[in-house]
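Hi everyone, thanks for coming. I'd like to walk you through a structure today, so please take a moment to look at the picture before I start.

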Amino acid sequence: MTQQISPKYLLSIYQPDGEAPPPEVLDPIMANLAALNEEMQAKGAWVFAVGLHPPSTATVLKAKDDDVLMTDGPFTEGKEHIGGFTIIQAADLDEALEWGRRLAKVLDPLSVEVRPIAFG
Amino acid sequence: MIDEIFRAEYGRAVSVLTRLLGDIDLAEEAVQDAFTTAAQLWPVRGVPPAPAGWIITTARNRAIDRLRRESRGREKLAEAALLQRGPDAEEVQDVPDDRLRMIFTCCHPSLALQAQVALTLKLLGGLTTAEIARAFLVPEPTMAQRIVRAKGKIRAARIPYRVPRDADLPDRLKAVLAVVYLIFNEGYLGKQSLEAEAIRLGRVLAQLMPDEPEVWGLLALMLLVASRREARLRDGEIVLLADQDRSRWNAEMVAEGQDVVRRCLRWNRPGPYQLQAAINAVHSDPPTDWHQVVALYDQLMAIAPSPVVALHRAVAVAETRGPAQALREVDALDLDRYHLFHAVRADLLSRLGEDPTAALEAALERAEHPAERDLLRRRLRLAAADQQNRAGEHDQDQHDPHPGRDASG
């Protein structure tokens, strides 16, 4: 199956704002995450994955008339924001959900949103 | 005539065409085209010997015509899918798997339950959007939007059109059965058409998955509950099981339901639907053997424990061990928000010679269905009269003579 016709999915990771967990909690999670990413790569599912700096470091831009307005902070209010994401290719939603399920287990208790990519 | 064939064959035809075209909307358009043609031809030329096959072949040809005329992007894709396969022959046959694929797609767990229900009724039941909207008391545009959005998700997210692999089948099947049972329960006190539709879907499932005992369990449960429909409602008022005119039970449905229950027993792979069906089979064979009912509820509690099951079990316990024991069990349940909890308490209290008024009022506050509210109001009036009699006659022993009631009616 070629990359062009294989659908891609965005797996967004939602995490609460604030301090990251201490290393003794975080380290094993990151190790498991790395292992999952490797498995995704080995199976040809992995396309791209990133972790993000906290939402307080974000800047929102919006065009208004000739100007572009700038706001400090993330676009959405709230206590949880995207902390990172993985892009995968999968044959169908079931396959994508299976990877998403694995990711959610590694990142327990964070939520993972699986969303089909329309183009790109 | 065409309406009947439409209802009976729409799901089959759309399922086959979805496989051929790779798109549900295209499949629906093609099948509707074919029925429009049938409405013109059949009254003149007569109904063909195999109407379903005729509809499917015509729909397929219509789809090809349409694809040749138009050249929108998604249809090009579908055209490719269609032309990859050889012509006619086996493809337009009803592969039994097609409707199964459709059922599992409609009931995919990534879709909201309401969307699963709407899609199942639309694509497999052949109900129109307007009919589904009416059945669920939702404005038609709301229901239309719900269906469009769900179909959009199926297409964009690529919800697969296939029967789940064995490892996933038990969970996925549970979701399918839950959707059919939900449709049935929507019809329980209301639309008979929904009840009948759920039974029809249950029969299709049993035909497609004959080795799944829970599929048969659900069918039997629905048949046995539906068999009492005529007796259950008198002028829109609920009649409790013990007070029902048994001559108004549908004997054919009782017999078929009991037959299926016996078949399930031989399988000896009990599940929640089979056990509920077995309980209803006992009720369908009066006088009810309450010890057997309690034993079946014990089994149900063992595999699918819930406070609601415990409440129904307590109703049976009232018959085997008396209302005092039943009341102790009911009072231990955390079901304050459920109207039947209070209705059952009221019944037990009055059988113990106590005033059920407060419990009936609590039930009335929580009940939503008009027929259930009417029933509770009637019982409140009876309770008030009873209290007056008592005050007048100082008769402490006058119990509500009403024997067992079963909430499953």
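Let's begin in chain A, where four strands form an open sheet in the order S2-S5-S1-S6, with antiparallel pairing. Before going further, please keep in mind that this is a predicted model.

Which strands sit at the edges of this sheet? They are strand S2 (46-51) and strand S6 (111-116) of chain A, and each of them pairs on one side only. If you look at how neighbouring strands of the sheet are turned against each other, the average is 20°, with direction ignored.

For those of you new to sheets, a quick reminder: strands pair through backbone hydrogen bonds, and the pairing can be parallel or antiparallel. S2(A) and strand S5 (residues 80-89) of chain A run antiparallel and are joined by 5 bridges.

Now let's go to the place where the two chains touch. How many residues of each chain take part? Chain A brings 7 residues, and they are in contact with 6 residues of chain B. On the chain A side, helix H2 (residues 93-106) of chain A gives the most, with 3 residues. Sorted by class, that side of chain A has 5 nonpolar and 2 charged residues, and no polar ones.

That brings us over to chain B. Its secondary structure comes to 20 helices and 2 strands. Chain B has 409 residues, and 40% of them count as buried. Looking at contacts in chain B with a separation of 6 or more, 63% are between residues 24 or more positions apart.

How is chain B divided up into domains? The assignment gives domain 1 (1-94), domain 2 (96-210) and domain 3 (321-393). Let's stay with domains 1 and 2 of chain B, whose contact takes 14 residues from domain 1 and 13 residues from domain 2. On the domain 1 side, helix H1 (2-21) and helix H2 (24-45) of chain B each supply at least two residues. The largest share of that side, 10 residues, comes from H1(B). By class, the domain 1 side that touches domain 2 in chain B divides into 5 nonpolar, 3 polar and 6 charged residues.

That's my tour, and I'm happy to take questions.

Conventions. Residues are numbered from 1 along each chain as its sequence is written. Chains are lettered from A and ligands numbered from 1 in the order in which they are written. This is a predicted model: local features need pLDDT of at least 70, side-chain atom pairs count only at pLDDT 80 or more; totals for chains, interfaces and linings use all residues. A residue is buried if 20 or more other C-beta atoms lie within 10 Å of its own, exposed if 12 or fewer, and partly exposed in between; C-beta atoms are placed from the backbone. Two residues are in contact if their C-beta atoms, placed from the backbone, lie within 7 Å. Domain bounds come from an automatic or database domain assignment. Ala, Val, Leu, Ile, Met, Phe, Trp, Tyr, Cys and Pro count as nonpolar, Asp, Glu, Lys and Arg as charged, and the others, Gly among them, as polar. Two strands pair if DSSP finds at least two bridges between them. Axes are lines fitted to C-alpha atoms, for helices over the stretch in contact, and angles run from 0 to 180 degrees between N-to-C directions.
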